[in-house]
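Here is a brief report on one chain.

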Amino acid sequence: MKTPQQTIEPLEGATPPTLTPAGMRARQRKDRLTLLAVVAVCVLPLLAALYFRFVSPPEAAAMVGQPLAEPVQLPFEMLQRWDGAVIEHPEVSGRWLAIFAAPGACDERCQHTLYLTRQARTAQGRNMARLERLWLITDGTAPATELLAAHPDLVLVKASDEKVLALLGGADARKINLVDRRGFLVFRYPDDAEPKGFIRELGKLIKF
């Protein structure tokens, strides 16, 4: 036997509860805060982008090296290793070359540059094989054995013509010259280049 369902009829004359003035003000504040939060989420990123784009753009990292206006073909036929062996052209070896010219005695400034190029090459990690370091000795002085022992990857070279030194900035220029894999001189760095920037730029260039 089914039990009849009971229904509750609303009381006649009942009205929904009304908010007090204080409650209405609280609800209005809550609504305004919600609206402001929505606006902030949507608009603030756009305002920040416009600010950094037109008012205060972030400074771009300054280049450490100086790109040559026109790449220069290096005459490799005028270069040879310290022992007289032929220098392998970058098109054959597939490597970039960092060439530094200095006398064989290698003063403190010269030693700093050799250290800088060594650290920059090592910092390239698995790409370090893409870069070879050459020390073009500008006189007939043989470097110290202790110095060479600290740079086992360094290739000693000499030039048969002063034209090569002129292309590298001169015998006293104290520049680090970067030669690409086609054999073209493309970048030139000061011998005391800022290390982090030097490493960063080398890392980007030798990937090409």
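Read along the sequence, which pattern does the chain follow? The order is α-β-β-α-β-α-β-α-β-α-β-β-α.

## Basis of the model

This is a predicted model, in which local features need pLDDT of at least 70, side-chain atom pairs count only at pLDDT 80 or more, and totals for chains, interfaces and linings use all residues. Residues are numbered from 1 along each chain as its sequence is written, and side-chain values use heavy atoms, with hydrogens and water left out.

## Overall architecture

The chain has six helices and seven strands. These are DSSP runs numbered from the N terminus: helices are H or I with at least four residues, strands are E with at least two.

The chain has 208 residues, and 31% of them count as buried. Buried means under 20% relative accessible area, exposed over 50%, and partly exposed in between, with a 1.4 Å probe and protein chains only. The accessible surface comes to about 14,100 Å² (Shrake-Rupley method, 1.4 Å probe; for residues, only the protein chains shown count as cover). Carbon and sulfur atoms hold 58% of that surface.

A search of the whole structure finds two aromatic pairs. Rings of Phe, Tyr and Trp (its six-membered ring) pair if their centres lie within 6.5 Å; planes under 30 degrees apart count as stacked, over 60 as edge-to-face, and the rest as tilted.

Phe187 and Tyr189 are stacked, at 5.8 Å centre to centre with 25° between the planes. Tyr189 and Phe198 are edge-to-face, at 4.9 Å and 65°. Phe187 and Tyr189 are both buried. Phe198 is buried too.

## Charge over a ring

The charged end of Lys158 sits over the ring of Trp82, 5.6 Å from the ring centre. The criterion is NZ of Lys or CZ of Arg within 6 Å of the ring centre and within 35 degrees of the ring normal.

## Disulfide

How many disulfides does a search of the whole structure find? It finds one. A disulfide is a pair of cysteine sulfur atoms within 2.5 Å. Here Cys106 and Cys110 form the bond, with their sulfur atoms 2.1 Å apart. The torsion about the S-S bond is about -95°, so the disulfide is left-handed. Both Cys106 and Cys110 are buried.
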